[in-house]
Amino acid sequence: MFILFGFTRRPRILTMRPGSCAYCGVYGPHRIIEESGKFTVFFVPLFTTGRKYYSICANCGGRTDMSRQQKDALLRA
């Protein structure tokens, strides 16, 4: 008998916000993304193992990591 288990990471776009990019300096849209890791058994996600939040510039693709508090502040504003 085989037991299939593993971990998956799934990104989810929370919102698009305008802002200045730290890499290219262009003022434009940024995607705020939540990436959650899940433990799976037989391809069924059972529980979340961790979350990461980051912003991606639509112009250059530069990625800036952020904390949960920073993400909450951007979503409230």
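One aromatic cluster is formed by F5, F7, F39 and F47. The model is a predicted one, in which local features need pLDDT of at least 70, side-chain atom pairs count only at pLDDT 80 or more, and totals for chains, interfaces and linings use all residues. Residues are numbered from 1 along each chain as its sequence is written, and side-chain values use heavy atoms, with hydrogens and water left out.

A search of the whole structure gives 3 aromatic pairs, where rings of Phe, Tyr and Trp (its six-membered ring) pair if their centres lie within 6.5 Å. Planes under 30 degrees apart count as stacked, over 60 as edge-to-face and the rest as tilted. The pair of F5 and F39 is tilted, because the ring centres lie 6.3 Å apart with the planes at 35°. This pair links distant parts of the chain, 34 residues apart: F5 belongs to strand β1 (residues 5-20) and F39 to strand β2 (residues 27-41), strands being DSSP runs of E with at least two residues, numbered from the N terminus.

F39 also pairs with F47; here the centres are 5.3 Å apart and the planes at 25°, so this pair is stacked. As for accessibility, F39 is buried at 18% relative accessible area, F47 is partly exposed at 46% and F5 is exposed at 60% (buried is under 20%, exposed over 50%, partly exposed in between, with a 1.4 Å probe and protein chains only).

Elsewhere, R63 lies over the face of Y54, 3.7 Å from the ring centre; the criterion is NZ of Lys or CZ of Arg within 6 Å of the ring centre and within 35 degrees of the ring normal.

Definitions and conventions: Helices (H or I, at least four residues) and strands (E, at least two) are DSSP runs, numbered from the N terminus.
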